[in-house]
Amino acid sequence: MTKLQELKKHLRPGKVYRREDLAQWSSSVDRHLQQLLAEGYLTKLSTGVYHRPKQTAFGKAPAEDDALVEAFLKDDRYLVTSPNAYNSLGVGATQLYNKTVVYNHKRHGNFMLGGREFEFRRKPAFPKTLTKEFLLVDLVNNLDQLAEDRDQVLARVKERALQGNRTALTRAAKEYGMVRTRKFFNTLAADPHASWFPP
């Protein structure tokens, strides 16, 4: 068995690898990488990040977001979301956005990974999974970036906030909200009839 064949034995379909991952199984990692890329066994996603595509009936499947982001960050502390997630809240947000946002502790900026653009935003805190309370807070945080009518959306956010788990929402606002967002939810908690105020 050649050294290249030995390396291939370690590469599982659907998994994303960094160059240093491969270096543990190859003493000629750059030469082997060139060979694997040339034969299509691996695809390059970004500098130093590679994918072993999984073959499906429709061709090679792209890398999953989580595997891609984790390999790029070299960290499993992140949250992948999109403004499209707001549409599930029932607050009148219906626009579709071609944007994937990654909250994390390391990187900030737009990066192309596997032919797709990801917007990395460095944040001190974010939950492990998306919750309705976090999405409501995140929506108010990012209100100025949305195409929807701001006042209409906020009126619906207020309705949803009063119908939901107020304790969880207050906690989410405290942990993840910007100053303006915390003020909005705190005012709502103190007086449900309070009107929205300019930022």
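The radius of gyration is taken here over C-alpha atoms, and the globule rule is 2.2 Å times the number of residues to the power 0.38. By that rule a compact globule of 199 residues would have a radius of gyration near 16 Å, but the protein has 22 Å. Along the principal axes, its C-alpha atoms fill a box of roughly 75 × 30 × 25 Å.

This is a predicted model: local features need pLDDT of at least 70, side-chain atom pairs count only at pLDDT 80 or more, and totals for chains, interfaces and linings use all residues. Residues are numbered from 1 along each chain as its sequence is written, and side-chain values use heavy atoms, with hydrogens and water left out.

The secondary structure comprises eight helices and nine strands. These are DSSP runs numbered from the N terminus: helices are H or I with at least four residues, strands E with at least two.

Totals for the protein follow.

| Item | Value |
|---|---|
| Buried residues (under 20% relative accessible area, 1.4 Å probe, protein chains only) | 41% of 199 residues |
| Contacts (heavy atoms within 4.5 Å) joining residues at least 24 apart, among those between residues at least 6 apart in sequence | 54% |

Now one residue. Met-178 sits in the loop between α7 (166-176) and α8 (179-190). Is Met-178 buried or partly exposed? Met-178 is partly exposed, at 37% relative accessible area; that class lies between 20% and 50%. Met-178 and Val-102 are 76 residues apart in sequence and 17 Å apart in space, C-alpha to C-alpha.
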